[in-house]
Amino acid sequence: MKTYKYELYHQKNIIKIGNLIDDLHQVHVHLIRLQRRYYSMFGKYIPLKRMLKHITQLKRTTKPHWNQLPSQMIQDVAIRIDHGYQAFFDNIEDRKNGVTQRKVGRPKIKPNHKYKSITFTQAGYKIEDSRLTINCLDTTFTFWKHRKWTGKVKTVTIKRDNVGDYYIYFTCEDPKPVQKLPLTSNEAGVDFGSKTFLTLSDGIKILSPHFYKQCLNEIRSANKALSRKQYLSKGWFRAKRHLASVHKKIADKRRDWFFKLALRLVRRYDNIAIETLNLEAMKKLWGRKISDIAFGEFSLILKWTCAKYGKTLLKAGRWQPTTKPCSSCGFHNKDLTLNDRYWTCPSCKAEHDRDVNAAINILRVGVPWT
């Protein structure tokens, strides 16, 4: 499966999509409250099949206006809620069995401004070149078709971001094989760092542009402008959208740099090994800087790029020691501190750059990331 993203043009009838999302948000609120009432009365969860039957009954009785909404969209709202409850129950079992310590909460009612997407599965829409027709709205929308998609379209999702822009996502069964790049017989371990973004096992170091830090004055100015506006006034909403657009610009710059950097690494190396980090703990220690560097987002983009071009991504375990062991003889230097950027092995007398040594060890202990 492969997903293609396109931006919908700003057009007068785009408000109809926003109204459709708001209508489905009401379905979301009703089903979550229904689950809560049922649990308080019987101590059980309503399964998906029963929930879908109940929706059919509601259309005949108390919710006849739901008949104007696409039935598959309403079913998709129920499926999302069911997936949330299944993840909640699975997490309870995993924590009991000691598989994970991460806690997943039960599904909650999303505020209207956080319910942002609708999904078509098999019917309810028609695509003609760069135009999408939604049957229930009897309206055609134009999107920017900057590239062609391949394969059969399975689902169509429309999302609204915080700025108010709309994007359309086509999920397709891609019949084309992986676009394999020529092999180079090179491999590299990658050590993440707060001072140096990436340190490779062959000595190459890559610094982060720190996009958030570059735009810090612009963010402060937008926040001040928002704080001066009367809450929920027209000016307040304009200032809020402006602040969201600033954050969106930063995220777009960072994501674009990540994709270009990942492509550079994939073209140069056949096997790339990265480490597993406890990002939540790092954020508590170093705060905004870790969020600005965004190790987690880059790891996912690197994984997608490797899968796309037929390269192998390896991953070292979180508790695997990689910094203190000597990459030459394996001696474990317990006296090494964060301030020691260069050190000499007491056993074999080899001189090490702290980050390069860690990258070499990451490459040795890395296993395929599935």
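**From a helix to the surface**

A: H28 counts as buried because its relative accessibility is 6%, where buried means under 20% relative accessible area, exposed means over 50% and partly exposed lies in between, with a 1.4 Å probe and protein chains only. The model is predicted, so local features need pLDDT of at least 70 and side-chain atom pairs count only at pLDDT 80 or more, while totals for chains, interfaces and linings use all residues. Residues are numbered from 1 along each chain as its sequence is written, and side-chain values use heavy atoms, with hydrogens and water left out.

H28 sits in helix α1, residues 15-42, helices being DSSP runs of H or I with at least four residues and strands runs of E with at least two, numbered from the N terminus. Setting aside residues up to four places away in sequence, H28 touches V77, I81, K108, I109, K110 and Y115, a contact being heavy atoms within 4.5 Å.

L48, in helix α2 (residues 48-60), is partly exposed at 24% relative accessibility.

On the surface, K195, K213, R220, K224, R228, K229, K234, R238, R241, R288 and K289 gather in a patch of positive charge. Helices α5 (216-228), α6 and α8 (288-293) are the elements that each give two or more residues to this patch. Patches are made of residues with over 30% relative accessible area and no salt bridge, joining like charges within 9 Å and nonpolar side chains (Val, Leu, Ile, Met, Phe, Trp, Tyr) within 5 Å. A salt bridge here is a side-chain nitrogen of Lys or Arg within 4 Å of a carboxyl oxygen of Asp or Glu. Lys and Arg count as positive and Asp and Glu as negative, leaving out His and the chain ends, and each charge is placed at NZ of Lys, CZ of Arg, CG of Asp or CD of Glu. Accessible areas come from the Shrake-Rupley method with a 1.4 Å probe, and for residues only the protein chains shown count as cover.

K289 belongs to helix α8 and is partly exposed, with a relative accessible area of 34%. A nonpolar surface patch of about 340 Å² is made by Y231, L232 and F237; F237 lies in helix α6, residues 234-268, and is partly exposed at 36%.
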